[in-house]
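Here is a short tour of some side-chain links and strand pairings. Have the sequence and the model open as you read.

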Amino acid sequence: MKRSVKPKAVAALVLTLGVLAGSVQARPADKPTPSGLPVPRWVSLKFGEVNARSGPGDDYKLVWVYRSKGLPLQVVAETAEWRKVCDPDGGSAWVHRRTVDGRRTAFQPSAKPLALRAKPKYEAATRAYMSPRSIAALEECENGWCKLKAGDVKAWAPAQALWGAQDAAHCR
């Protein structure tokens, strides 16, 4: 048996869907988050002291204070005013958007100094060493290597040796 759909029924269905679509505010594809920036993404701390909270608001419990200006953090969620971030020690907390900066930095998490190379190759000359738990400006990354700047020194380090150079989310 063949079913036929009456034009009036189709028109009523299209009209109903149109009304429902108008009442639901769909987020445009080009603005996936309140800031319009992708998540996950990297930011760095603007200040030497930044409060980290258990939720997105000043009324949430203070869980710790970051005390490292320039520390790279990965934003994994956000509201209009707050960013949920992951830190190099595996912590996750909420910080206010005004306390972070879009400038990229890299953190050296290893307990040993990291050789920084003149070129993005393991066999290139060592230009400097990055101390354990230190921070440098991240200028660019390509083919698994990142160009860092610390003071007057610009040199390359393997991306996997740095916190702040990966694309994948590190926590939720």
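E81 and R97 make a salt bridge, with their closest N and O atoms 3.2 Å apart; the term covers a side-chain nitrogen of Lys or Arg within 4 Å of a carboxyl oxygen of Asp or Glu. This pair ties together distant parts of the chain, 16 residues apart: E81 sits in the loop between strand 4 (72-78) and strand 5 (82-86), and R97 in the loop between strand 6 (92-96) and strand 7 (100-101). Strands here are DSSP runs (E, at least two residues), numbered from the N terminus. E81 is partly exposed at 33% relative accessible area, and R97 is partly exposed too, at 41%. For these labels, buried is under 20% relative accessible area, exposed is over 50%, and partly exposed is in between, using a 1.4 Å probe and protein chains only.

Keep in mind that this is a predicted model: local features need pLDDT of at least 70, side-chain atom pairs count only at pLDDT 80 or more, and totals for chains, interfaces and linings use all residues. Residues are numbered from 1 along each chain as its sequence is written, and side-chain values use heavy atoms, leaving out hydrogens and water.

R133 and D89 provide another salt bridge, at 3.2 Å from N to O. They link distant parts of the chain as well, 44 residues apart, with R133 in the loop between strand 10 (126-130) and strand 11 and D89 in the loop between strand 5 and strand 6. R133 is partly exposed, with a relative accessible area of 49%, while D89 counts as exposed at 57%. Salt bridges with shared partners also join R41, E78 and R83 into one network.

## A buried pair

How many salt bridges does the structure hold? There are eight, and one of them connects E78 to R83, where the closest N and O atoms are 3.5 Å apart. Both ends are tucked away: E78 is buried at 12% relative accessibility, and R83 is buried with a relative accessible area of 7%.

R53 belongs to strand 2 (residues 50-53). Is its side chain buried or exposed? R53 counts as buried because its relative accessibility is 14%.

The R53 side chain reaches the backbone oxygen of D58 at 3.5 Å. That is a polar contact, meaning a pair of N or O atoms within 3.5 Å; within protein, one must be able to donate a hydrogen and the other to accept it, and residues adjacent in sequence count only if both atoms are side-chain atoms. Setting aside neighbours within four places in sequence, R53 is in contact (heavy atoms within 4.5 Å) with D58, Y60, K61, L62, V63, W82, A93 and W94.

Strand 11 (residues 135-142) pairs with strand 8 (residues 105-107) in the antiparallel sense over three bridges, and T105 stands opposite A137. Pairing requires that DSSP finds at least two bridges between the strands. Strand 11 also runs antiparallel to strand 12 (residues 145-150), joined by five bridges, with E142 opposite W145. Two residues lie between the strands of this hairpin, and N143 takes a positive phi near 50°.

The count of disulfides (cysteine sulfur atoms within 2.5 Å) comes to one. C141 and C146 form it, with their sulfur atoms 2.0 Å apart, and the link is right-handed, with 105° about the S-S bond. C141 is partly exposed at 37% relative accessibility, whereas C146 is buried at 0%.

Conventions: Helix = DSSP H or I, 4+ residues; strand = E, 2+ residues; numbered from the N terminus.
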